[in-house]
Amino acid sequence: MTLTPYVLLVAGVAILYLWNLQRERRPLPPGPPKDPLIGHLRYMPTAQAPFFFHEWAKTYGDVMHLQVLGKSMIVLDTLQAAVDLLDKRGSIYSDRPPLPLYELLGWTYMLSFMRYGEVCTRHRQVYQSFLSRETCAEFEPIQTQEARRLVKNLLVSPTEKYGAVLSKFTTSILAQVVAGHKIDSDDDPYLELSKIVYQAFSVTGAPGGTPIDFFPVLRYFPSWFPGAYYAGVARAWRPEVRKLYDYPLECVQRQREAGNASPSFLLSQLEEIDNNTSKLDYEEIKGAAATLFGAELPTRSAVAVFLLAMVLNPECQIRAQKEIDSVVGTSRFPTFEDRAKLPFVECILQETLRWNPVAPLGVPHRSTQDDVYRGMYIPKGSLILANVRGMSLDESIYKNPTKFTPERFLPPPLGNGEPYFSCLFGFGRRRCPAVHFVERNLWIAIASILATCTISNALDEHGNVIVPEASMSDGVDSYPNDLRCVIKPRFEEVEVLLEESILSFTA
Ligand code: HEM
């Protein structure tokens, strides 16, 4: 009897010992050779990382282990691996890495960078109901009108202004949906806020990739101290970022007091607070709205990718325009009711998302438990990167993957019946909650542009045709490096059509 506790203790120690032994024996996923202590630091690509990872995956496999300064990083290069881990084992792969630099910058309650847990779940519930398929249908009139204004602005702008025009399109929709505000001029405060978002992300490097993210203590040092440069940048930008949090809510509160607030995300959140039904408090609501404004960038980039694809593939443009002409005619703009009748336009949208993915490495996940996948050991706390770019190039799924081939999605014999590239929107419990909203924004923009515009090559000062390179910039917001093209009306009546259709909305 008295021996039992000792037997149990010895058995326990033995099990622990064997478990540890076995755990150590389990191999990490393969990866390129590394240096002692600093790991792969010297070999990490400084530009075009998704392509490097995809090349490495050909040697080391679709689940790769990299180590930088003691931190484990797992790169998933196939859809199968990402679905197996991030979708099917979502309970342990849904965290985000801590981002001390972003905290210093003031990106608080930003769902995209939030650690997994109770707060994250509450925020996701709010977005999932606000951006559900049904609610999104209510935004269609706003999206339709802004798509027509987009066409009008593209037609009167020089090529170097296209980026700003696209930004105005996405920000105008968000300003109405999030804050009930209609943008009518180029010096609108919400356009200024959108510039702040863009610049704040541009000046602070890749998320999780600065020395401060590796050694958070550096945030307390002056910016001249080695490795603390970004702390200075973050401190300088903090007041700007704060404007994005305060301005929209203050505006809506003022309009509400004056009795002239339009329906919006912020208004509904304020009403819920009054009725004690809100899931979020004031500061969280500000963060939620800032998150939505922050998400403006990838949509803008996706429309830019579409324009690039049309310059480089005029035959696709012509085919889509013929389809629109036969279904819609030329005396009106396409509407959402036409969507199901325009399969080739749908294919162009889907191929735009696949051909040059605007979020090529998604947003990093983090594992919260030790795990074993296909016999490989994935340590708790690993940074998990889904190489979406690599997945778009998977030849076992997409034939000639570097080519822009919209018909690949059509069922045989018209196409190859290849699947839509839905992984662009991420995985599992952190998948983008705005998919329906985004697809609608993009569809109406693409259909409206195709219906009324011809997108063709620009000429240089010697009259030579400029063929833009189909490459994308690095960073969170991947954008075409070269978008030089010319956008002209497809037929004479376009101007009248535009005036009439924009007026019909304002009337
Ligand atoms: C082309 C446009 C867009 C693309 C490609 C895109 C893609 C993504 C991706 C890859 C993620 C991370 C998913 C993951 O971690 O697995 C994400 C997260 C998110 N997206 Fe989008 N997104 C787009 C537009 C938008 C828009 C317009 C909004 C809001 C109106 C939005 C709201 C969010 C939010 C709130 C998250 C955070 C989800 C979380 O961390 O739980 N996105 N998006």
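Predicted model: local features only at pLDDT ≥ 70, side-chain atom pairs only at ≥ 80, totals over all residues.
Four strands form an open sheet in the order β1-β2-β6-β3, and the pairing is mixed. β1 (63-68) and β3 stand at the edges. Each of these two has a single partner strand, so one side of each is left without a neighbour in the sheet. Helix α3 (residues 79-87) packs on the sheet. This helix touches β1, β2, β3 and β6. The direction of α3 makes about 140 degrees with that of β6. Strands of a sheet pair through backbone hydrogen bonds, either parallel or antiparallel. Both senses occur here, as the mixed pairing shows.

The pairings can be followed strand by strand. β1 and β2 run antiparallel and are joined by six bridges. Within this pair, Met-64 stands opposite Val-75 of β2. The two strands form a hairpin with two residues between them. In that hairpin, Leu-69 takes a positive phi near 50 degrees.

On to the next pair. Strand β2 (residues 71-76) runs parallel to strand β6 (residues 383-386), and four bridges join them. Met-73 faces Leu-383 in β6. Ile-74 stands opposite Ile-384, also in β6. Five of the six residues of β2 are buried, so this strand is largely enclosed by the rest of the structure.

Strand β3 (residues 365-366) pairs with β6 in the antiparallel sense, over two bridges. Here the bridge partner of Arg-366 is Leu-383 of β6. Leu-383 also stands opposite Met-73.

The ligand is the next topic. A shell of 26 residues surrounds the ligand. The closest are Ala-295, Gly-426, Arg-430, Cys-432 and Ala-434. The shell divides into 17 nonpolar, six polar and three charged residues. Four helices each supply at least two residues of the shell: α5 (118-130), α13 (282-294), α14 (296-312) and α18. Helix α14 gives the most, with three residues.

Cys-432 is also marked in a record. An unreviewed UniProt entry lists Cys-432 under "binding site". In the model, Cys-432 is among the residues closest to the ligand. Cys-432 lies in the loop between α17 (388-392) and α18 (435-452). With 19 C-beta neighbours inside 10 Å, Cys-432 counts as partly exposed. Leaving aside residues up to four places away in sequence, Cys-432 touches Phe-425 and Gly-426. Gly-426 is itself one of the residues closest to the ligand.

Helix α18 also holds Arg-440. Arg-440 is buried, with 22 other C-beta atoms within 10 Å. Its contacts are Cys-136, Glu-140 and Gln-143, not counting residues up to four places away in sequence. Arg-440 and Leu-483 are 43 residues apart in sequence. In space, their C-alpha atoms are 23 Å apart.

A second pair of residues can be described in these terms. Ala-206 and Lys-399 are 193 residues apart in sequence and 31 Å apart in space, C-alpha to C-alpha. Ala-206 lies in the loop between α9 (189-203) and α10 (211-214). Ala-206 is partly exposed, with 15 other C-beta atoms within 10 Å.

Most residues other than glycine have a negative phi, and most peptide bonds are trans. Several sites in the model depart from this pattern. Gln-48 is not a glycine, yet has a positive phi of about 50 degrees. Gln-48 sits in the loop between α1 (4-25) and α2 (49-60). With 15 C-beta neighbours inside 10 Å, Gln-48 counts as partly exposed.

Tyr-109 also has a positive phi, near 50 degrees. Tyr-109 lies in the loop between α4 (100-105) and α5. Tyr-109 is buried, with 21 other C-beta atoms within 10 Å, whereas Gln-48 is partly exposed.

A cis peptide bond leads from Pro-412 to Pro-413, with omega near 5 degrees. Pro-413 lies in the loop between α17 and α18. Cys-432 lies in that loop too.

Terms used: Residues numbered from 1 in each chain as written. UniProt positions renumbered as here; feature names shortened; annotations may be inferred. Buried ≥ 20, exposed ≤ 12 C-beta atoms within 10 Å, placed from the backbone. Contact = placed C-beta atoms within 7 Å. Pairing = 2+ DSSP bridges. Near = placed C-beta within 6 Å. Nonpolar A, V, L, I, M, F, W, Y, C, P; charged D, E, K, R; others polar. Axes fitted to C-alpha atoms, helices over the stretch in contact; angles between N-to-C directions.
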